[in-house]
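Here is a short report on one structure. It covers strand pairing first, then a helix contact.

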Amino acid sequence: MVATRSRTSMGSSGHGSLASGDGTDKGQVFHKGVAISMWQNSGDDDSNWTNFIKSNFPFKALPFGFNRFSGKHSVLQSCPDTWNRYEEDVELAVKAGCNALRLSIEWARIEPRKGQIDMDAVARYHAMLDAMEAAGVEPNATLHHFTHPQWFEDLGGFEKAENIQHFVAWSLKAVELFGSRITFWATFNEPTCAMFLGWITGMHPPGKMLACITAGQVVMHKLQAHCQAYEAIKRTPLGKNLQVRAMTGCDVVVGRVTRQ
């Protein structure tokens with residue numbers, strides 16, 4: 001679930017309005033919604049998770065390992081396919097009483113190779129935003145929902161401090177592409193969860209076990225990446241009016257913004 005609070009063009013009569021009877025905070029809207037990871041819903045060809053799921057990492061074949069949690073189907077073979085069925089998913093969110101939807105802007109889809117932007121993927125995300133706008137659903141974007149391009153992983157990912165600059169550049173590119181249409185942004189989804197499963201239990205990429213020192217470094221680098229991305233975004237003309245957070249533990253963002 002994702003929850004946000006803002007002043008929006010929906011006004012005091014909008015779905016989910018928190019406007020009081022005496023006119024206090026008129027136009028303030030509480031957004032209630034659902035959240036998805038695009039990779040978990042649709043897969044892709046160029047992310048670290050795709051490479052990982054195709055590999056023979058240690059826990060994959062064990063009874064208590066990955067197959068137990070993923071069931072009989074792989075996201076690369078059978079999945080809800082939000083990438084192609086986004087209009088249905090937006091409609092389902094509205095039917096569930098939601099007026100917000102959090103989705104990941106997949107770095108690996110937008111920049112599958114370093115410095116190369118896939119404009120078809122950009123257009124697909126804008127089509128998703130069109131569908132949400134038409135349905136009165138507020139988008140909430142996540143920049144890193146456990147996945148990143150394989151080229152970034154090959155550079156060492158967040159194990160190396162020198163790679164933070166690539167995440168900051170990605171954050172700025174995402175805001176450049178979509179910042180005029182998305183107010184609420186999350187840099188990372190549950191970074192401590194990704195750390196534990198990726199470097200302690202080995203069940204997420206890169207599949208390392210009991211790498212405690214490296215795990216701590218990864219969390220520190222993600223924290224630094226969040227701070228640097230936040231500052232960089234806020235220095236842009238679009239970023240001044242955006243709400244930027246990191247998702248930790250419970251997927252809740254609270255912010256207030258006045259749209260011009």
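## Strand pairing around E4

Ser104 stands opposite Thr142 in E4. The model is predicted. Ser104 belongs to strand E3, residues 100–104. E3 and E4 run parallel, joined by 5 bridges.

E4 also pairs with strand E5, residues 184–189. That pairing is parallel too, over 4 bridges.

## Burial of E4

Is strand E4 mostly covered or mostly exposed? E4 spans residues 138–144 and is mostly covered. Of its 7 residues, 7 are buried.

## Packing of H8 and H10

Helix H8 covers residues 164–178, and helix H10 covers residues 212–234. The two pack at an angle of about 40°. Their axes are 9 Å apart. Angles under 35 degrees would count as roughly parallel, and 65 to 115 as roughly perpendicular. H8 and H10 are therefore oblique to each other. Their crossing is right-handed.

Which residues make the contact? H8 contributes Ile164, Phe167, Val168, Ser171, Leu172 and Val175. H10 contributes His221, Gln224, Ala225, Gln228, Ala229, Ala232 and Ile233. By type, the contact residues divide into 9 nonpolar and 4 polar, with no charged ones.

Key. Residues numbered from 1 in each chain as written. Predicted model: local features only at pLDDT ≥ 70, side-chain atom pairs only at ≥ 80, totals over all residues. Heavy atoms only, no water. Axes fitted to C-alpha atoms, helices over the stretch in contact; angles between N-to-C directions. Parallel < 35°, antiparallel > 145°, perpendicular 65-115°, else oblique. Left-handed = near helix turned anticlockwise from the far one by under 90°. Contact = heavy atoms within 4.5 Å. Nonpolar A, V, L, I, M, F, W, Y, C, P; charged D, E, K, R; others polar. Buried < 20%, exposed > 50% of the residue type's maximum accessible area, 1.4 Å probe, protein only. Pairing = 2+ DSSP bridges.
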